[in-house]
Amino acid sequence: MINKHKKITDIMIEVHDIDHVDSYNDAMAVLGYQAMGENGIPKRRFFQKGGDERTHHVHVFPTGSKHIARHIAFKEYMITHPEESRAYSRLKETLAKQFPDDIEAYIKGKDEFVREIEKKALVWYKQNQ
């Protein structure tokens, strides 16, 4: 069941050697995190905590990854554009109701919206740095 009411804490870590991160999978498991490998983004290591009731995501990227700025821009844009944030929340709630047991369909349903916001966010972020 997709958790539609609980906020997920996203944590981003930047490292020099992304391949070295794999040696911490067991230590992360002890803390309750499941190692998900790249999970769709090359050169990333992704961990999630909480199973179906996820509470935390940890994204680990190598220094200089373009994905670092993309994630930060998206977060900052959503904070400063509450109307976009509310629209995103509504979309996620609708998708969670529509696909309560299908995380792939839920993610696919968000994809176009997220890509559009990312484009706007990156332009906005570069102008406001």
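Reader: Why is Ala 29 called partly exposed?

Author: The relative accessible area of Ala 29 is 44%. Buried means under 20% relative accessible area, exposed means over 50%, and partly exposed lies in between, with a 1.4 Å probe and protein chains only. Ala 29 is therefore called partly exposed. This is a predicted model, in which local features need pLDDT of at least 70 and side-chain atom pairs count only at pLDDT 80 or more, while totals for chains, interfaces and linings use all residues. Residues are numbered from 1 along each chain as its sequence is written, and side-chain values use heavy atoms, with hydrogens and water left out.

Reader: In which helix does Ala 29 lie?

Author: Ala 29 lies in helix H1, residues 25-30. Helices (H or I, at least four residues) and strands (E, at least two) are DSSP runs, numbered from the N terminus. The C-alpha atom of Ala 29 is separated by 32 Å from that of Tyr 77, which is 48 residues apart from Ala 29 along the chain.

Reader: Are Glu 84 and Lys 120 buried, exposed or partly exposed?

Author: Glu 84 has a relative accessible area of 14% and is therefore buried. Lys 120, at 39%, is partly exposed.

Reader: How do you know that Lys 119 and Glu 116 form a salt bridge?

Author: Their side chains meet at 3.5 Å, N to O, and this value is therefore within the limit for a salt bridge. Being three residues apart in helix H4, Lys 119 and Glu 116 are separated by about one helical turn. Lys 119 is exposed, with a relative accessible area of 55%, whereas Glu 116 is partly exposed at 38%. From Lys 119 to Lys 49 there are 70 residues in sequence and 29 Å in space, C-alpha to C-alpha.

Reader: Which side chain meets that of Glu 76 in a salt bridge, and how many salt bridges does the rule give?

Author: The side chain of Glu 76 meets that of Lys 75, at 2.4 Å, N to O. Glu 76 is partly exposed, with a relative accessible area of 25%, and Lys 75 is partly exposed too, at 43%. The count comes to seven salt bridges.

Reader: What makes Ala 73, Phe 74, Tyr 77, Met 78, Tyr 88, Val 114, Ile 117, Ala 121, Trp 124 and Tyr 125 a nonpolar core?

Author: A nonpolar core is a set of buried Ala, Val, Leu, Ile, Met, Phe, Trp, Tyr and Cys residues joined through side-chain atoms within 4.5 Å. These ten residues make up the largest such core. Helix H2 (66-80) and helix H4 (103-127) each supply at least two residues of this core, and H4 gives the most, with five. In soluble globular proteins, nonpolar side chains tend to be buried together.

Reader: Why is Leu 122 called partly exposed?

Author: Leu 122 has 28% relative accessibility, and therefore counts as partly exposed. Leu 122 is found in helix H4. The C-alpha atoms of Leu 122 and His 20, 102 residues apart along the chain, are 29 Å from each other.

Reader: Why does Asp 52 count as exposed, and where does Asp 52 lie?

Author: Asp 52 counts as exposed because its relative accessibility is 57%. Asp 52 lies in the loop between strand E3 (45-49) and strand E4 (56-62).

How values were computed. Salt bridge = Lys/Arg side-chain N within 4 Å of Asp/Glu carboxyl O.
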